[in-house]
Amino acid sequence: MLARPAVLLRIEGAAMFACSLLLYRSIGARWAVFLVLFLWPDMFMVGYLVSAKLGARLYNLVHADALPLVLAAVSLGFRRSGLLIFALIWLAHIGADRALGYGLKYPTFFKDTHLQRVGDSR
């Protein structure tokens, strides 16, 4: 398994999803909000209607860990629980995507990701 990075990245994604859920539960946020906002990052796939290059850039922008982690840090620093709730939902979405094998996109085709070509059974 240690020689299979895609497996490790899926495990890492599952761990991020689980940790996000645990933290979300621990702050007492409403699950209805979670369910409503869980898929919001996927709205950025609309860029693929213009081109694969734009689609990949927009998708990767909202599916990378950096922005929600910065948002979480800022929310803790300024004691803004609403921002933390949003950051945790965002991180949970990214973690779930990684666990399912959906990685960051290459500008060639929607199914070309840093984890695999989606649909391949490797």
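Predicted model: local features only at pLDDT ≥ 70, side-chain atom pairs only at ≥ 80, totals over all residues.
Colleague: Let's start with helix 1. How many residues does helix 1 have, and what distance does it reach from its first C-alpha to its last?

Modeller: Helix 1 covers residues 5-26. At 1.5 Å a residue, a span of 32 Å is expected. The model comes close to that, with 22 residues reaching 31 Å.

Colleague: Which residues of helix 1 are buried, and what do they pack against?

Modeller: To count as buried, a residue needs a relative accessible area under 20%. In helix 1, Gly 13, Ser 20 and Tyr 24 are buried. Looking down the helix axis, you find the buried residues within an arc of 30 degrees, so they line one face. The buried residues of helix 1 pack against helix 2 (31-37) and helix 5.

Colleague: Which exposed residues sit on the face of helix 1 turned away from its buried side?

Modeller: Exposed means over 50% relative accessible area. On the face turned away from the buried side of helix 1, the exposed residues are Glu 12, Leu 22, Arg 25 and Ser 26.

Colleague: Now helix 3. Which helix do the buried residues of helix 3 pack against?

Modeller: Helix 3 runs over residues 52-63. Its buried residues are Gly 55, Ala 56, Tyr 59, Asn 60, Val 62 and His 63. These buried residues pack against helix 5.

Colleague: Is Arg 98 buried or exposed?

Modeller: Arg 98 lies in helix 5. The cut-off for buried is under 20%. Arg 98 has a relative accessible area of 9%, so Arg 98 is buried.

Colleague: What is phi of Arg 79, and where does Arg 79 lie?

Modeller: Most residues other than glycine have a negative phi. Arg 79 has a positive one, and it is exposed at 76% relative accessibility. Arg 79 lies in the loop between helix 4 (66-77) and helix 5, and its phi is near 55 degrees.

Colleague: And which residue with a positive phi follows helix 1?

Modeller: The phi in question is near 75 degrees. The residue that follows helix 1 is Gly 28.

Colleague: Last one! Which residues make the nonpolar surface patch, and what is its area?

Modeller: Leu 83, in helix 5, is one of the residues in the patch. Leu 83 counts as partly exposed, at 35% relative accessibility. Together, Val 70, Val 74, Phe 78 and Leu 83 make a patch of about 360 Å².

Methods: Residues numbered from 1 in each chain as written. Heavy atoms only, no water. Patch = residues over 30% accessible without salt bridge, like charges linked within 9 Å, V, L, I, M, F, W, Y side chains within 5 Å. Areas by Shrake-Rupley, 256 points an atom, 1.4 Å probe, with all protein chains shown as cover. Salt bridge = Lys/Arg side-chain N within 4 Å of Asp/Glu carboxyl O. Helix = DSSP H or I, 4+ residues; strand = E, 2+ residues; numbered from the N terminus. Buried < 20%, exposed > 50% of the residue type's maximum accessible area, 1.4 Å probe, protein only. Expected span 1.5 Å × (residues − 1). Arc of directions from axis to C-beta. Contact = heavy atoms within 4.5 Å.
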